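Me: Hey, I've got a structure open and I'm a bit lost. Can you walk me through it?

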Amino acid sequence: MGNFAYPVVAGCYTQIMTATPDGTDESHDATSGVAVKVGTESVSIRKAVFTALFDNSWVSQYAAYRTAVKTGQIHLDDLVRLARKAQIPYVLFFAPPEVVQRQLQDKTEKLLAGMTKDAFSMNSRNQVQLRDVELVVKDLLRKQATLKELDRSLVENTLVGCLAGRRGGDPRRSAERLNELLGISSLDLQRISTRQAALELVVRRLEDNQVLVSQSQQDFMPQRIPVHVKFSGLCIKDRKVPYIFLTGGEGDIRLEPTGRRLFTLVLLTVFVARGRFSP
């Protein structure tokens, strides 16, 4: 295990569509809509609006949503329930497409407020959509902001950018430098007998150095990460308290081997050290 660290791994609703007295929308035919059933009556809403709002949310994985897309109908009670779970004002489903698009754009901008396009590092084996992890990211950002607000003793993190400009240098020296800053000695490495012990050591040392580490645990996270999403972790940029999130933890149906989780943690730590927050 002594060699594990090297080589360095480099909103708000604004207007409602007016429905005709017979419950149909004059602007499109039934084939382009989803029938919202209220008792024996129904009102048609644009399918493009319906899918745009839910596809941009983790609720898109729910059976009730998939059934509605397939059959072209949904009961109002189910629509309201899904909308509340996705934190979408249900009246927005009756709005014109341009209003919905503005709301979706505002949502993304607010979610990533204060963050650049290079704010994330993600170790992924295929494409990951923002909706797949949006509540996790929101939760990490909230914790990050709360910690900085409450703990005035936090200083600029010496790990952030400590290996910047070393691209093309000796990986062994870079790893030794990073281990030194983390406080991981050769004696610590010699004492490690399992990969789990190595993972726990790196997590402790990172947190001792103001790098927060969160590990997934199903039923205790703000959202379930869809089964089809294949990524091992992400890192959120900050000059004081960068935040690393690892998937495949306890209770996760995509349980990952400890060695892979250790690799991901070291990879994202190197991103922090290089001051590089995009893969």
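Me: Let's start with glutamine 144. Is that residue buried or exposed?
Reply: Glutamine 144 is buried, because its relative accessible area is 5%, and the cut-off for buried is under 20%. Keep in mind that this is a predicted model.

Me: Okay, where is glutamine 144 placed?
Reply: You'll find glutamine 144 in helix α5, which covers residues 130–150.

Me: And which residues does glutamine 144 touch, leaving out those up to four places away in sequence?
Reply: Glutamine 144 touches Ile236, Lys237, Asp238, Val241, Pro242 and Tyr243.

Me: Switching topic: in what order do the three strands of the open sheet come?
Reply: The order is β2-β1-β3, and the pairing is mixed.

Me: How do β1 and β2 pair?
Reply: β1, residues 33–38, pairs with β2 in the antiparallel sense, over six bridges. Glycine 33 stands opposite arginine 46 in β2.

Me: What lies across those strands?
Reply: Helix α1 (residues 47–55) lies across β1, β2 and β3, and it runs at about 70 degrees to β2.

Me: Last one: how many helices and strands does the chain have?
Reply: Nine helices and seven strands. Of the chain's 279 residues, 46% are buried.

Methods
Residues are numbered from 1 along each chain as its sequence is written. This is a predicted model: local features need pLDDT of at least 70, side-chain atom pairs count only at pLDDT 80 or more; totals for chains, interfaces and linings use all residues. Side-chain values use heavy atoms; hydrogens and water are left out. Helices (H or I, at least four residues) and strands (E, at least two) are DSSP runs, numbered from the N terminus. Buried means under 20% relative accessible area, exposed over 50%, partly exposed in between (1.4 Å probe, protein chains only). Contact means heavy atoms within 4.5 Å. Two strands pair if DSSP finds at least two bridges between them. Axes are lines fitted to C-alpha atoms, for helices over the stretch in contact, and angles run from 0 to 180 degrees between N-to-C directions.
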